[in-house]
Amino acid sequence: MADDFDLLETSGAAQKQKSNDKVDWGKAIDQMKSKLSQEDSPEVRQKILNATLDNVVDMAEKDRTSLLDAIKDLTDYQDEVGIIFERFSTLNDDEQRVIDDAIKELEKAKVEYQQALDKPDTWWNNLWGRKSRIAREETELEQAKKDRKFADSKAKDMFQKRIESSDTETLLKELSFKSQAAVKRLKDREVEIKEVESKLQVAIVEASKNHTKALQKKEETEADLDNQKALLSQARQALEEIVDKQSPEYSEALAKITQLEQKVEELDGLRTAYITLAASKDSFVHKHNLTIKVLTSLRSNLQTHRAKLKSDTEERIRYYDGYVVALKARTDQEFAAILEHLGVKTDEKIGETLAAMYTASSKARQDMMENIPVHEKVMKGIYSSYAESLQEIREKDVKIRKNFADRYGIDMKELFEEYYKNNENPTTGDAGGNDDASNDSGGVGNGAPSNDGGSDDLLS
């Protein structure tokens with residue numbers, strides 16, 4: 001029969017857990033023990049060991065406050081680094097609707113403005129308000145852009161107000177959502193870095209080619225420069241050999257020197273340009289290489305963070321489920337304790353009422369007996385019978401007091417003794433002191449009242 005009356009049975013079909021409520025309590029407890037063993041502060045360790053359910057309430061509220069502050073800081077940080085708010089927060093329907101409506105209005109304004117621009121620019125269309133419509137649609141478009149930006153702020157304010165009064169479970173879900181959104185963002189950033197790395201690899205190849213070309217052109221220019229310098233030296237020598245400084249030959253020789261000097265100057269400047277270009281390209285090759293190394297390192301770190309965050313978030317969600325279930329269980333436990341305490345107090349009050357009811361019934365029975373107008377001879381027998389009944393009542397009272405004391409911890413001794421103290425010697429007339437009446441009563445004096453044949457009707 002024990003199997004049919006198992007008060008601790010919790011494995012019935014009605015107790016099936018949801019999939020997201022399945023918690024590895026063994027692992028969770030091991031983590032808690034590990035955390036306790038790693039705690040360096042003796043005060044904190046002692047505080048954990050001495051914790052009660054009442055302490056847990058304060059600890060849970062501090063957890064909620066810390067979570068709330070962290071989520072607010074994360075939301076503000078999103079604005080600082082330009083992360084789109086609605087992609088990193090779990091918005092409810094009202095908050096999402098504010099953003100969606102603003103997006104629709106903006107798209108509508110863009111279409112209407114474009115339609116106004118696409119209308120042919122003819123004198124007829126301008127006569128019928130083409131230009132004024134363009135101006136109006138442009139104004140509405142600018143307003144729609146402002147409303148779109150304001151929608152983010154409005155939704156954010158609604159979100160912040162909502163989470164301020166949210167419970168721990170909601171805050172943990174928000175933190176999990178942000179972690180999942182961060183995983184996607186990290187993945188997108190890795191792809192972006194990879195694309196930039198590819199572009200930099202191409203840039204390195206191009207820079208290397210240009211560096212090589214610049215060095216080649218520098219060498220070619222230096223060869224031409226040396227050739228022109230030799231010609232210039234010959235021209236100057238020829239100019240010195242001309243005796244007549246006013247002759248056409250002298251003028252021609254001087255003009256040739258001028259042309260050669262100009263050519264030398266140009267080639268020298270071109271050589272300097274190629275040298276500078278080659279140095280610049282060589283510098284960018286090194287810069288691009290350094291940038292690729294940095295980006296590759298960052299991408300590797302992001303990949304590590306993403307993998308860990310993705311894996312830990314999945315574990316953390318189950319861990320959070322355990323925490324939330326534990327909080328709910330603590331609340332249920334407290335509620336059950338309150339009900340149990342209330343039930344015990346109710347039992348005590350009902351016990352007191354029943355005890356008073358019993359004594360009141362006995363008193364009423366005694367009062368009823370005192371008010372029966374019979375011959376004092378009969379009263380002797382009645383009081384004799386009453387004494388026996390009273391003794392019987394007292395014996396029952398002892399059992400009642402013991403029963404109540406054993407079951408409810410209520411001692412009714414003082415209550416009954418107070419009653420008997422006030423009703424110990426009931427008197428009616430002089431029946432208690434008339435010995436003759438007692439002797440003349442015959443069979444009545446034995447304590448048993450005579451049966452006149454009408455008692456059965458009176459008691460029916």
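**Ser89.** Ser89 counts as buried, because its relative accessibility is 2%. I use buried for under 20% relative accessible area, exposed for over 50% and partly exposed for in between, with a 1.4 Å probe and protein chains only. Ser89 sits in the loop that joins α3 to α4. I looked up Lys178 as well: it is 89 residues from Ser89 along the chain, yet their C-alpha atoms are separated by 6.3 Å.

**Ground rules.** The model is predicted: local features need pLDDT of at least 70, side-chain atom pairs count only at pLDDT 80 or more, and totals for chains, interfaces and linings use all residues. Residues are numbered from 1 along each chain as its sequence is written, and side-chain values use heavy atoms, with hydrogens and water left out.

**Overall make-up.** I count 12 helices and zero strands in the protein chain. Helices (H or I, at least four residues) and strands (E, at least two) are DSSP runs numbered from the N terminus. Of the 460 residues in the protein chain, 24% are buried. I then looked at contacts, meaning heavy atoms within 4.5 Å. Among those between residues at least 6 apart in sequence, 81% join residues at least 24 apart.

**Confidence.** I read pLDDT as the predictor's confidence in each residue, from 0 to 100. The mean for the protein chain is 75, and 70% of its residues reach 70 or more. Helix α4 has the highest confidence, at 89, and helix α11 (residues 435-440) the lowest, at a mean of 41. Residues 12-23 stay under 50, and the model gives them seven contacts beyond four places in sequence. Residues 426-460 are also below 50, with 21 contacts beyond near neighbours in sequence. Where pLDDT is low, the predicted coordinates should not be read in detail.

**Helix α4.** I checked the span of α4, residues 93-118. Its 26 residues should span 38 Å at 1.5 Å a residue, and the end C-alpha atoms are 37 Å apart, which agrees. The expected span is 1.5 Å times one less than the number of residues. At the N-terminal end, Asn92 caps the helix, with a side-chain oxygen 3.3 Å from the backbone nitrogen of Asp94. For such a polar contact I need a pair of N or O atoms within 3.5 Å; within protein, one must be able to donate a hydrogen and the other to accept it, and residues adjacent in sequence count only if both atoms are side-chain atoms.

The buried residues of α4 are Glu95, Val98, Ile99, Ala102, Leu106, Ala109, Tyr113 and Ala116. An α-helix has 3.6 residues a turn, so residues three or four places apart point the same way. What do the buried residues of α4 pack against? They pack against α6 (130-164).

**Helix α6.** Helix α6 has 35 residues and reaches 51 Å from its first C-alpha to its last, close to the 51 Å expected. Its buried residues include Arg130, Glu137, Arg148 and Lys156, along with Ile134, Leu141 and Phe159.

Gln160 is another residue of α6. It counts as buried, because its relative accessibility is 12%. Leaving out residues up to four places away in sequence, Gln160 touches Lys72, Thr75 and Asp76.

**Nonpolar cores.** A core here is a set of buried Ala, Val, Leu, Ile, Met, Phe, Trp, Tyr and Cys residues joined through side-chain atoms within 4.5 Å. The largest has 12 residues, among them Leu67, Ile99, Phe159, Leu171 and Tyr320. Two or more residues of this core come from each of α3 (53-81), α6, α7 (168-241) and α8 (248-370). Another core, of 11 residues, lies apart from it and includes Leu225, Leu232, Leu260 and Val264.

**Glu197.** Glu197 lies in α7 and counts as buried at 6% relative accessibility. Beyond four places in sequence, Glu197 is in contact with Ile292, Leu295, Thr296 and Arg299.

**Tryptophans.** Rings of Phe, Tyr and Trp (its six-membered ring) pair if their centres lie within 6.5 Å; planes under 30 degrees apart are stacked, over 60 edge-to-face and the rest tilted. The structure holds two aromatic pairs. The rings of Trp123 and Trp124 have centres 5.6 Å apart and planes at 85°, so I log them as edge-to-face. Ring pairs link Trp123, Trp124 and Trp128 into a cluster. Trp123 counts as exposed at 65% relative accessibility, and Trp124 as partly exposed at 46%.
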